[in-house]
Amino acid sequence: MLKPLDVIAVFTTYEPNQALIRNIETMSKQVNSIIIVDDGSKMPISLEILTICSLNKKVTLYRNEENSGIAYSLNRGIEIASNNGFDWAVTMDQDSEPTHDFIYQLCTSLNNLVSRENVALLTPTVVDSSNPRKISKLLINNKKIYFELTDMSYRDRDDLILAITSGCLTSIPKIKVVGGFPTEYFIDYVDSFLSLKLIQSGYKIAFSSQAKLLHNLGNPEVKNLLGNKVRTLNHSGFRRYYIARNTIFMYREFYRTFPNWILYDVYIGIYSLISILLFERNKFEKLGYSLKGIYHGLLGVKGKLH
């Protein structure tokens with residue numbers, strides 16, 4: 001049976017703000033060891049925040065010499081955790097806020113699953129920090145050609161197709177089997193890639209209904225379109241490049257085995273395109289970066305955009 005003290009927390013950071021101090025403090029009350037892998041932060045205020053966090057006796061800070069991407073930082077943190085004897089890690093974004101009993105609830109959910117020996121990832125109940133009352137959706141692994149969404153409920157389950165990185169209880173030995181996170185993606189879709197690879201290898205992705213994580217995706221705004229609310233993420237052009245490019249890689253990799261995920265992602269892509277065209281600022285810059293990403297994806301250009 002997994003216990004909270006058997007879990008190590010791995011935070012990945014890049015130019016963190018004050019929220020990291022609070023989140024490290026909350027997590028330090030739940031686990032015995034925390035790893036921070038910073039991905040080449042340069043701003044003085046961010047370096048000061050990292051120094052403050054490193055003063056916590058449970059925290060070990062590692063710094064990448066340059067900005068190498070979230071996948072590289074996650075793999076580095078997971079490898080360090082493995083070398084320290086841990087088989088389970090919870091991966092955390094710098095600005096995602098766990099509740100006071102977060103790790104306990106994750107462990108309880110895992111221990112109560114009949115399929116726990118085959119679970120590779122356990123994702124929490126994600127609460128949108130920009131709209132806490134909104135009920136998030138889960139993408140189900142229905143093994144069919146169409147995708148299926150269901151509300152996050154009060155029932156744990158083990159039939160998901162995706163788990164986001166932040167707040168995810170991660171089996172270190174199992175993700176090593178599939179090679180970890182794809183460093184060539186740099187950022188965006190690294191969690192989707194890992195999730196689908198794990199399912200291909202026969203592992204399960206589970207959901208905890210009681211572990212709650214306050215999470216922020218992008219810089220969201222809610223707009224009105226003909227009486228309907230449209231949520232814009234306002235990602236930068238830089239991010240739009242990686243989203244578009246890595247979409248091509250993902251479709252090539254998984255169109256045969258996960259057509260349901262492909263259809264879901266196309267749906268999300270169309271929604272994002274409409275929101276950019278109608279509501280977001282710098283739309284032509286973002287569309288330009290997106291087209292460049294698609295072009296590079298077709299050419300097979302991987303890694304960091306220079």
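A crossing of two helices is right-handed if the near helix is turned clockwise from the far one by less than a right angle. The legends below apply this and related descriptions to close-up views of a predicted model.

**Figure 1. Packing of helices H1 and H2 in the predicted model.** Helix H1 spans residues 19–28 and helix H2 spans residues 44–54. Their axes come within 9 Å and cross at roughly 15°. Because angles under 35 degrees count as roughly parallel, H1 is roughly parallel to H2. The crossing in which H1 passes H2 is right-handed. From H1, the contact draws on Leu20, Ile21 and Ile24, and from H2 on Ile49, Leu50, Ile52 and Cys53. By class, this contact holds 7 nonpolar residues, with no polar and no charged residues.

**Figure 2. Packing of helices H6 and H7.** Helix H6 covers residues 190–200, and its axis comes within 11 Å of that of H7, with a crossing of roughly 10°. H6 and H7 are therefore roughly parallel to each other. On the H6 side, Ser192, Phe193, Leu196, Lys197 and Gln200 take part, and they meet Met250, Glu253 and Phe254 in H7. The contact of H6 with H7 comprises 4 nonpolar, 2 polar and 2 charged residues.

**Figure 3. Packing of helices H7 and H8.** Helix H7 is formed by residues 237–254 and helix H8 by residues 259–278. The two helices pack at an angle of about 160°, and their axes lie 11 Å apart. Since angles over 145 degrees count as roughly antiparallel, H7 and H8 are roughly antiparallel to each other. Their crossing is left-handed. H7 contributes Arg240, Thr247, Met250, Tyr251 and Phe254 to the contact, while H8 contributes Pro259, Trp261, Ile262, Asp265, Val266, Ser272 and Ile276. These contact residues divide into 8 nonpolar, 2 polar and 2 charged. Met250 and Phe254 of H7 take part in this contact and also in the contact with H6.

**Figure 4. The largest cavity and its lining.** A search of the whole structure finds 1 cavity of 30 Å³ or more. The largest cavity has a volume of about 40 Å³. Its lining consists of Thr91, Leu121, Ala163, Ile164, Thr165, Cys168, Thr170, Phe181, Asp191 and Leu194. Strand E9 (168–171) and helix H6 are the elements that give two or more residues to this lining. By class, the lining of the largest cavity has 6 nonpolar, 3 polar and 1 charged residues.

Figure 5. Strand E6 (119–128) and strand E10 (204–215) each supply at least two residues of the lining. The largest share, 3 residues, comes from E6. The lining of the second largest pocket divides into 6 nonpolar, 4 polar and 3 charged residues.

Key
Residues are numbered from 1 along each chain as its sequence is written. This is a predicted model: local features need pLDDT of at least 70, side-chain atom pairs count only at pLDDT 80 or more; totals for chains, interfaces and linings use all residues. Side-chain values use heavy atoms; hydrogens and water are left out. Axes are lines fitted to C-alpha atoms, for helices over the stretch in contact, and angles run from 0 to 180 degrees between N-to-C directions. Helices (H or I, at least four residues) and strands (E, at least two) are DSSP runs, numbered from the N terminus. Angles under 35 degrees count as roughly parallel, over 145 as roughly antiparallel, 65 to 115 as roughly perpendicular and the rest as oblique. Contact means heavy atoms within 4.5 Å. Ala, Val, Leu, Ile, Met, Phe, Trp, Tyr, Cys and Pro count as nonpolar, Asp, Glu, Lys and Arg as charged, and the others, Gly among them, as polar. On a 1 Å grid over the protein atoms alone, a cavity is a set of points where a 1.4 Å probe fits but cannot get out, and a pocket is an open set with protein on both sides within 12 Å along at least five of seven lines; lining residues have an atom within 4 Å of a point. Grid points are joined across faces, edges and corners, and a volume is the space filled by probe spheres set on the points.
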